Amino acid sequence: MKLSRRSFIKASVATGVIAAGAGGTKPMLQALAENSGKENKQVSEGEWRPTVCQGCTTWCAVQVKVVNGRAVKVRGNPHSKANNHDGKVCPRAHLSLQQVYDPDRIKTPMKRTNPKKGRNEDPQFVPITWDEAIDEIAEKFLELRKNNEPHKFVLMRGRYTYLREILYGAFPKLIGSPNSISHSALCAEAEKFGSYYTEHYWGYRDYDLRNTRYVILWGADPLASNRQVPHAMNVWGEVMDRAKVAVIDPRLSVTAAKADEWLPVIPGEDGALATAMAHVILTEGLWNKSFVGDFVDGVNRFKQGETVDPETFQENLTYGLVRWWNLELKDRTPQWAEQKAGIPAEQIIRVAREFAEAAPKAISWLSPGTSMQVRGGYAAMAAHALNGLVGSVDNVGGTIRSAKYPTQAIPSVEPFMDDIAKAGNKHHKVDQRGYKEFPALKKGKSGKGVVTNRLADAILDEDPYEVKMAIGYWNNFTFSCAGASRWEKALEKLPFFVHITTHPSEMAMFADIVLPAAHHLYERLGYIESKANTISYIAMNQRVIEPVWDVRIDETEIPWMIAEKLAEKGFTNVLDYFKSIKDPETGKTPTNSWEFSEYVLKTMTQPIWDPAIKTEGDQFSGWEEFKKVGIWNSEPYKFRNKWKDFGTKTGKFEFYSETLKAALEHHAEKHNTNVDDIMKVTKYQARGELAFVPHYEEPFRWGDEKEYPFIFVEHRSRLNREARSANCQWYQEFKDVDPGDERWDDVAKINPVDAGKLGLKTGDKIRLKSPTGEIECTAKVWEGVRPGTIVKCYGQGHWAYGRIAAKDFKKRMPRGGNNNELLPADYERLSGSTVRHGGVTRVKVEKL
Amino acid sequence: MNSFVPWDIRVTIDLFLGGVGVGAFLLALFAAAFGESYRLLRKTAAVISPVAVCMGLLFLIFELGRPERFITTLFRNNPASVMSWGVYLQAGFVILAVVYAVLVLQQKDEEGLGGLVKWLGGLFAVGVGLYHGFLLSSNASAALWNNGALPVIFFVSSVLSGIALVVLVNAVIPAHVTTAETAAETAAGGETGSAFNLNLVNIILLAVELLTVFAWMFTMARGNENMVFNLQYLLANYGTQWWLGAVVVGLVLPLVFSIYGLQSAKKGQVGSTLTTVTAVLILIGGFVLKNVILAAGQVNYPLF
Amino acid sequence: MPNYAMVIDLHKCAGCGACAIACKNENNVPEGIYWANYIHRTRGKFPNVRYEFIPTLCNHCEEAPCVKACPVGAMHKDENGLTLHDPSKCIGCKACVVADPYGVIYFNEEKPHEFWYDKEEAIEKITSSGQEMGKNYDVPFPYYNPDRAKTYAGVRPKGVVEKCTMCDHRIKEGKVPYCVYSCPSGARVFGDLDDPNSEVNKLLNQYSYFRLGENFGTKPKVFYIREF
């Protein structure tokens, strides 16, 4: 193939012309200008430019090699001390090349001309200009405000950066809507519940893997998915040389395949294992005495079935151990757990013993698998509580948090909110958070957590009120939410929906206006905070190539454009606020959407790059250097800082959670009832004080065993860029890196014993039916699956998105089946989290 | 398991037609020892030989990814490559076979140049016939091919097919049908002493082939993992073709018919229904044999 | 002269496939063809199941059957012990594909990267086509890696074979093959067998190893140590 050093400026001038029409996008890279007009036929060596990968929520700092203005390769950012040492990165990052240059990307803003909405309706999109699009959107906002109902606007946030403070934070408030609805409940919130109501930490944990001696993984698969994938892969060989690894997972994941112990738990019975392990640790006297404390006379009174007098035990850094034993643990024997969880008692005992013997360098690693269950809140607490028993909390070789991130907030929007905005903001958030059956007790407060999936029902039932307009960015709830068909109905009903996205996704098909988004790895400005390897870091998304199409940055450029339009039409508050965010270096006011994006970024990260502000961690001489390096690393984690006060109600690591008690009681009071009633409406079995301790709950499942004989298990893929990568050829070509899966196919994995009974062999086309939906896919007979369960990976079954993700895009035929069409819309209500694990539904299989 | 099959039916056709050409040429030489009465037989054989090989080569050329580069094989060669040897062997053979055919048609094939061409041609014919087998058997990766039986199977099959085609052509084209006397001689032999007996020749070749094939199959069945796997694959995926086509139709039935023909002078004449049908069966079976061995042999056994 | 080889530590290998994907990227490998690949197998009965994964690539055999089979010398050994291919000589006879016991050589039956010549659009006037993307960037496809063209065809044409070259274009510049570079767990080690102090030799002395297809007599140079 002839290679010519085409002057890339030609292409960028073309896009620049289109861009200029709606506010001027300034090319980030001046270097390109040098190339115009040169006759040089040599191949350029190219340059590695820093940015961020958001293929999963590890959020790695990466670099892109750019040759002649084209992105050619991706690697980890070698400056990272956390995840990406020596430029390592997981397989997902490479797939992004096929995303950004995907021909199925949306090139231009488009408008629906077919007023009917539905999966089988052709939206009949036509291209429109940015100006037309923004104009229509602005008019809709003004209309809402004119009728004093700006709260009927909803902002749905999907994949974001910390510049969300603008579109997700400030913008709706200024318009007058409290409805900034994030997607967080689709993922991690139930997990955070576990660590909050024990050690008062509402967040993902980091783990000191280099020093640990035992790791119990509750549904976690660090070699494949969240939340520190490249680091885990990098050190896991060492970890396994030095530590024992036990994986609790109904399916044989890669981490389980390499582990010392695999505990293929019956889905939803994790709480039995956790409580039984705690029982073993206590009855055998293996808890960490220096952290937890001990019996005053040193005699172990933890004996099966016997209550213990709390006075006999002197607790040190924990609270409520004996009460926990008395209320819950005393009868939770391994033999009992074997009956419930399907794991041999001797294995439970062995894991518990060896885990405790490795104390304090023993990690109990909680993940969505064990927590995103209808009754998963307490399982999450139980699993995390094991860390308390061995004293690995905030300790060397144990489970830790992050360092302080030295960023600063953007100025308050309060002074810019007019009366309409203030009144609008007073309304209850539309996702029903804080309702009696949706306590959503984030950080101890009733209704503080989002209940993302409830938004569909809120729209359909107009409860608390009607939703008239929505903007969603980098989300695809019609695909990614359990009970996906409700979303289709909700979006059919929603009168005006704007979708900011890169591809013609399922959600986009229901939109009135679709705006093409800048790709988060290649084409935008932003920053993220993350951590691994005891290092916390902040890395910057940067524009490393000229955008492929006429795109805008979702979180900053689009709100700016809307603000400009609103100001033209007489409502200036939003633009005034935006203009108040000036360049920290020059004090300049932003004059276009790009400058605005840059100034917001500079403002928020100023403590990092500005030498005049003293911070710990990496030091920079200024903004330019920070941009060039692309990442700030913190000092290594300072262990045991939290020991003097964890921040819980008692200041200790709580086995009996006074923190949770206070939160539940407050929520009950708010609804004029008691905690037992709350337990009832949130589908929990516990009553009385059991509600305040980690305890066993029976799994809650949809469908009766006779009609639906198999428990449905779903899991993540190590190639999923959050279900956006199914349109990449490389995804399909290498799909079998997920153990048991097949290339170019979407399979349901079935144990040979079950397959034999059903008369199925690998390759048969089947239909899976749950009480709430059905999908079609291919059968795969595989031993890594527990009999009585059917295991299927999430991420395929797209009926839109693109021509590879869908089997036939024009006919809306999916490739495989979307798990979310099988899963019912249920919740772990205490956290507000959506449920997709714990065997929430049963299914039956039909051969096609 | 890699079941991508790089060499498809076009390669079978090349090997088959090449083999027919080799067999035809050797028949022509063999029959020359039995005197003038086989002149017609030898003409047919001598002409068929280069034509068949060239037709086969045409299929081969178009099977190449870069057919236009075929000619480069003449000046780019690799001493270790059997295919490279094959280029020169087939080139040499085609030239010699064409010259021989011309000489035979002009009845100048007995002395001088004819003698040289005869011997050289015979050598090249054997060379090409073995080359087909070595092309396959030189691959350690192919358990079914990598043994001494394979070249014998292919060579003998080639000779059988070559003879069969010549007999078929002679039976079908009226002008070339031998006289009743020569036909009887050709078929029955016996009383006429040194007469060439088609049925006897076929019986010997078919018997050798059947024995070799069964020896080969037995060795595969009792061989190492790869051999067992590949043989099972062959029987599972090509079982019907193999047993019915290659073995029964291609070898067993012709053997039975040839034995019968040996005993019945009339039935066993060249040009009789029996010998013509036998020739057709040999051709069909010979093609199927080579095709199945080629296809089944290219499946790689799982390495891990 | 060096004799290059690779050691793959299966204990460190996480079975993620980053090596195989990165190789596709580095070498502009078309869909359906794999220069770097892997084999996985599942043995046993639930719950005593063993899943194993081994990355594979061309073994650059010392007794390379593909080199022996090639009639025109397109497939050849170089002075560094690598098995390389010359697409300007290749006639596409596929003797190498047949001779190779490892299945690492692929044939370009069609014009490669057809995806980037396709005119179909998902939504007319709204999304693009493979062809439009290709034209915009004046290279075979937008993320085409020009480094590959330094020593081999950047994209191979229809009718010839292709396979792993151990990133000879990178080795020339003192870099390691891209699969080695991209492996997140550092499981792949590249080096010179003839250098007694090389990392590969240290590992081969320290650990017991196996190679694929040792019985074929190929003397392969991809060594596997430890267990997945």
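This is a predicted model: local features need pLDDT of at least 70, side-chain atom pairs count only at pLDDT 80 or more; totals for chains, interfaces and linings use all residues.
Residues are numbered from 1 along each chain as its sequence is written, and chains are lettered from A and ligands numbered from 1 in the order in which they are written. Local features need pLDDT of at least 70 and side-chain atom pairs count only at pLDDT 80 or more, while totals for chains, interfaces and linings use all residues; side-chain values use heavy atoms, with hydrogens and water left out.

Reader: Of the two pairs of chains in contact, which share the most contacts?
Author: Contact means heavy atoms within 4.5 Å. Chain A and chain B have no contact, and their closest C-alpha atoms lie 14 Å apart. Of the two pairs that are in contact, the most contacts are shared by chains A and C.

Reader: How much area is buried between chain C and chain B?
Author: The contact takes 37 residues from chain C and 27 residues from chain B. Buried area is the accessible area (1.4 Å probe) that two parts lose on being put together, summed over both. Carbon and sulfur atoms give 62% of the area between chain C and chain B, which is about 2700 Å².

Reader: Which side chains meet in a salt bridge between chain B and chain C?
Author: A salt bridge is a side-chain nitrogen of Lys or Arg within 4 Å of a carboxyl oxygen of Asp or Glu. Between chain C and chain B the count is one salt bridge. At 2.9 Å from N to O, the side chains that meet there are Glu63(B) and Lys94(C).

Reader: Which element gives the most to the side of chain C that touches chain B?
Author: Helices (H or I, at least four residues) and strands (E, at least two) are DSSP runs, numbered from the N terminus. Across the interface of chain C and chain B there are 18 residue pairs in polar contact, both at pLDDT 80 or more; a polar contact is a pair of N or O atoms within 3.5 Å, where within protein one must be able to donate a hydrogen and the other to accept it, and residues adjacent in sequence count only if both atoms are side-chain atoms. On the side of chain C, the elements that give two or more residues are strand E2 (37-45), strand E3 (48-56), helix H2 (65-69) and helix H3 (95-99). With four residues, the one that gives the most is H3(C).

Reader: Why is one side of E5 and of E7 in chain A left without a neighbour in the sheet?
Author: Two strands pair if DSSP finds at least two bridges between them. Seven strands of chain A form an open sheet with mixed pairing, in the order E5-E4-E19-E18-E17-E6-E7. One side of E5 and of strand E7 (180-181) lacks a neighbour because both stand at the edges, each with a single partner strand.

Reader: Which residue in E19(A) is the bridge partner of Val498(A)?
Author: Strand E4 (residues 110-112) of chain A runs antiparallel to E19(A), with two bridges between them, and Met110(A) stands opposite Val514(A). Strand E18 (residues 496-501) of chain A instead pairs with E19(A) in the parallel sense over four bridges. In E19(A), the partner of Val498(A) is Ile513(A).

Reader: Are the residues on both faces of strand E19 in chain A buried or exposed?
Author: In a regular strand the side chains alternate between the two faces of the sheet. Buried means under 20% relative accessible area, exposed over 50%, and partly exposed in between (1.4 Å probe, protein chains only). Ile513(A) and Leu515(A) on one side of E19, and Val514(A) and Pro516(A) on the other, are all buried.

Reader: Which backbone nitrogen does the side chain of Asp122(A) reach?
Author: Asp122(A) lies in the loop between E4 and strand E5 (125-127) of chain A. With a relative accessible area of 44%, Asp122(A) is partly exposed. At 2.9 Å, its side chain reaches the backbone nitrogen of Gln124(A).

Reader: How many residues apart in sequence are the parts tied together by Lys565(A) and Asp135(A)?
Author: The side chains of Lys565(A) and Asp135(A) meet in a salt bridge (3.4 Å, N to O). Lys565(A) lies in helix H19 (residues 557-568) and Asp135(A) in helix H3 (residues 130-146) of chain A, so the pair ties together parts whose separation in residues is 430.
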